[in-house]
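Good morning, everyone. Please look at the model on the screen, and I'll walk you through a few of its features.

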Amino acid sequence: MENNRLSQDEIDALLNGTGSTPDEPEVPEVLDLSEMERDAIGEIGNISFGSSATALSTLLNQKVDITTPSVTVIPKSKISDAFPEPYVAIEVNYTEGFSGSNLLVVEQNDAAIIADLMIGGDGKGADPSLGEIHLSAVQEAMNQMMGSAATSMSTVFSKKIDISPPRVELLDVTEEKGTDRIPDDEMLVKVSFNLKVGELIDSSIMQLYPLTFAKDLISSLMNTGNAEGETTPQPDVTYEQPKEPVAPEPRIEPQQQQPPKRQGTPKKTAPVQVSPVEFSAFDPNEASQAPINNLDMLLDIPLSITVELGRTKRSVKEILELSAGSIIELDKLAGEPVDILVNQRIVAKGEVVVIEENFGVRVTDILSQAERINNLK
């Protein structure tokens, strides 16, 4: 009997609720991705950032290569090990298609090179201390990249996906600078790409988002774009529909029975009379008037008339440096006639005049009627 008694330690453990309950084993929470899930995330990143490379190449006028990514799951407590150096973080929120955020992380030196190329520099000797103009340039480059990625994802998931304008901030985990942009989730997914920009950059660009968001992406990909509420038997219905046209077999039988009836009663066909073709006389004057006669039906359609003073080209850097009072030099000399355009097509030239309190233009030279018609085509 004494062996069945509980010791004082066991009684205290039961009272404090710390006693073991072998009948209710704890279910471990899944805080990682399987190999198949990693492949799915990698394929999504490969497709989306493949188009982003094209967009970035156009902006920087450099050859851009982004390789197949590697996918890892890291706890937020170890984030300093994953990002030991100063970076530039670009935060993007999904506004349609998905609900979540995406943090794009680029090394600060690489961001400086991208910014220098964006504002018209050669990318060599770029200052890593990014100013406001440089951050704006990086933000625009990342905006174009993520916009192209969202478009590619829309194709992959068969639904519209849209993002918010990106927000750029310097990220230094060791100094706890910009860490508020990092998602609050305990487990994070890091998708790392190798980024090459000409001979200037050979580094990494990374995506960082919550593990729960990664699970949502995988679940949506596995559902192959089906809307919620659709049942799996629906595709079977679509495959059964092509079997219905087999019913017209009775219509073929009368056609097969008609030839025997015609073979017994042949008919003589009348000879075909062939006569030479006669063409009417060709009048060149009438042909020249045809476009004008056809144009009469379009005379009531309104057209947009524009007077162009001149044109010029400027780099992004020069545009960003514009302020009130800045002077932009055009490609025309003072007193040179201005172009008069109709629906963006030149039809005449003229000179600027003042009519009471309004500007006007006096036509000094006009194209011929045939030339104007050709320009309007």
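Let's start with a charge and a ring. Lys-159 lies over the face of Phe-98, 4.2 Å from the ring centre. Please keep in mind that this is a predicted model. There is another case of this kind. The charged end of Lys-190 sits over the ring of Phe-83, at 6.0 Å from its centre.

Now back to Phe-98. Is Phe-98 buried or exposed? Phe-98 has a relative accessible area of 10%, and the cut-off for buried is under 20%, so Phe-98 is buried. Tyr-94 has a relative accessible area of 9%, so Tyr-94 is buried as well.

Next, ring against ring. A pair of aromatic rings is described by two things: the distance of the centres and the angle of the planes. The count here comes to seven aromatic pairs. Take Tyr-94 and Phe-98. Their ring centres are 6.3 Å apart and their planes stand at 80°, so this pair is edge-to-face. Which residues do ring pairs link into a cluster? They are Tyr-94, Phe-98, Phe-157, Tyr-209 and Phe-213.

On to the helices. Phe-157 belongs to helix α5, which covers residues 132-157. Helix α5 has 26 residues. From its first C-alpha to its last it reaches 36 Å, close to the 38 Å expected at 1.5 Å a residue. Just after α5 comes Ser-158, with a positive phi of about 55°.

What does α5 pack with? Helix α6, residues 211-222, packs with α5 at an angle of about 45°. Their axes are 9 Å apart. The two helices are therefore oblique to each other. On the α5 side, Met-153, Val-156 and Phe-157 make the contact. On the α6 side, Leu-217, Ser-220 and Leu-221 do. Look at the spacing of those numbers. An α-helix has 3.6 residues a turn, so residues three or four places apart point the same way.

Now helix α4, residues 108-118. How many of its eleven residues are buried? Ten are, so α4 is largely enclosed by the rest of the structure. Among the buried ones are Ala-111, Ile-113, Ile-114 and Leu-117. Gln-108, Asp-110 and Asp-116 are buried too. Just after α4, Gly-120 takes a positive phi of about 100°.

Last, the whole chain. It has eleven helices and twelve strands. Of its 377 residues, 29% count as buried. Residues 24 or more positions apart account for 60% of them.

Definitions and conventions: Residues numbered from 1 in each chain as written. Predicted model: local features only at pLDDT ≥ 70, side-chain atom pairs only at ≥ 80, totals over all residues. Heavy atoms only, no water. Phe/Tyr/Trp six-rings, centres within 6.5 Å; stacked < 30°, edge-to-face > 60°. Buried < 20%, exposed > 50% of the residue type's maximum accessible area, 1.4 Å probe, protein only. Lys NZ or Arg CZ within 6 Å of the ring centre and 35° of its normal. Helix = DSSP H or I, 4+ residues; strand = E, 2+ residues; numbered from the N terminus. Expected span 1.5 Å × (residues − 1). Axes fitted to C-alpha atoms, helices over the stretch in contact; angles between N-to-C directions. Parallel < 35°, antiparallel > 145°, perpendicular 65-115°, else oblique. Contact = heavy atoms within 4.5 Å.
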